[in-house]
Amino acid sequence: MADPPSPQDPEATPDLTPDADASQDAGSSSAEIEDRLDDAEDDMMAAMQAEMDRANAGAAAGGDEEIDMMAAMQAEMDNASAGGAAAVQDPPAQPPQPFALDELAAATASDSRQPIDLIGDVEMELHVELGRTLMRLEDVLKLRDGSVVALDKLAGDPVDIFANGRLIARGEVLVMNDNFCVRVTELVGA
């Protein structure tokens, strides 16, 4: 194992004391950053040129993909040599335009009715309720064939007609061709 650096080793501990030259270093560090950016741009240009040369060699062999790649790389190089991101120009700024609202007018009632044919094929569950009652579980368990359950409606009272669980009408029970049916006598509004 290596020994930890000693506190007297100047390379091991950074100098944290403020320098009088710190303000001068700030100006020189921005120059260093610009130099590094220029060096990085030069390296990028050299790498792109190498790729261009390789693509040119492939294009000489007759590949269309290499020609497309070469054209794209040439465009990138032209953009980078023209200043990179600085070459991309923003569209000219336009002053914001005020948004104009139209005059609000009262909606007129439409006399034409929309066709109901659009929903004509929608299926709904329709059931008729003769009446209701409350029973204890004990009484329900005693039900057998022939048991009579008393409902809260009297004979001849209208029955309730429900569509998808919502009361829509009331009617009276009839017998037609040996089948029970309901004649609607009252529509229930919303």
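The questions and answers below examine how several labels applied to this predicted model follow from its computed values.

Q: How do you know what share of the chain counts as buried?
A: A residue is buried when its relative accessible area is under 20%, and 8% of the 190 residues of the chain count as buried. The chain exposes about 17000 Å², of which carbon and sulfur atoms supply 55%.

Q: How do you know what part of the contacts in the chain with a separation of 6 or more comes from residues 24 or more positions apart?
A: A contact requires heavy atoms within 4.5 Å, and, among the contacts in the chain with a separation of 6 or more, residues 24 or more positions apart account for 30%.

Q: Why is the pair R136 and E138 called a salt bridge?
A: The cut-off asks for a side-chain nitrogen of Lys or Arg within 4 Å of a carboxyl oxygen of Asp or Glu, and the closest N and O atoms of R136 and E138 are 3.4 Å apart, so the pair qualifies. By this rule the count comes to seven salt bridges. In general terms, side chains of opposite charge can pair when their charged atoms come close.

Q: What makes R136 exposed but E138 partly exposed?
A: Exposed means over 50% relative accessible area, and partly exposed lies between that value and the 20% under which a residue is buried. R136 has a relative accessible area of 54% and is therefore exposed, whereas E138, with 43%, is therefore partly exposed.

Q: Why does the pair R170 and E186 count as a salt bridge, and where do its two residues lie?
A: Their closest N and O atoms are 3.7 Å apart, which is within 4 Å, so the pair counts as a salt bridge. This pair links distant parts of the chain, with R170 in strand β3 and E186 in strand β4, 16 residues apart. R170 is partly exposed at a relative accessible area of 25%, and E186 is partly exposed at 38%. K153, D160, R170 and E186 are linked in a network of salt bridges.

Q: What makes the phi values of N177 and D178 worth noting?
A: Most residues other than glycine have a negative phi. Phi of N177 is near 55°, a positive value in a residue other than glycine, and phi of D178 is near 65°, again a positive value in a residue other than glycine. N177 lies in the loop between β3 (166–176) and β4 (179–187), and D178 has its place in the loop between β3 and β4. N177 has a relative accessible area of 69%, which is over 50%, so N177 is exposed; D178, with 76%, is therefore exposed as well.

Q: Why is L126 called exposed, and which residues does L126 touch?
A: L126, which is found in strand β1 (residues 126–129), has 57% relative accessibility, which is over 50%, and therefore L126 counts as exposed. Leaving aside residues up to four places away in sequence, L126 touches I161, F162, A163 and I168. L126 and L167 are 41 residues apart in sequence and 9.8 Å apart in space, C-alpha to C-alpha.

Q: What makes the surface patch that includes D42 negative?
A: The patch is formed by E32, E34, D35, D38, D39, E41, D42 and D43, and it is called negative because Asp and Glu count as negative. D42 lies in helix α1 (residues 22–60).

Conventions: Residues numbered from 1 in each chain as written. Predicted model: local features only at pLDDT ≥ 70, side-chain atom pairs only at ≥ 80, totals over all residues. Heavy atoms only, no water. Patch = residues over 30% accessible without salt bridge, like charges linked within 9 Å, V, L, I, M, F, W, Y side chains within 5 Å. Areas by Shrake-Rupley, 256 points an atom, 1.4 Å probe, with all protein chains shown as cover. Charge placed at Lys NZ, Arg CZ, Asp CG, Glu CD. Helix = DSSP H or I, 4+ residues; strand = E, 2+ residues; numbered from the N terminus. Buried < 20%, exposed > 50% of the residue type's maximum accessible area, 1.4 Å probe, protein only.
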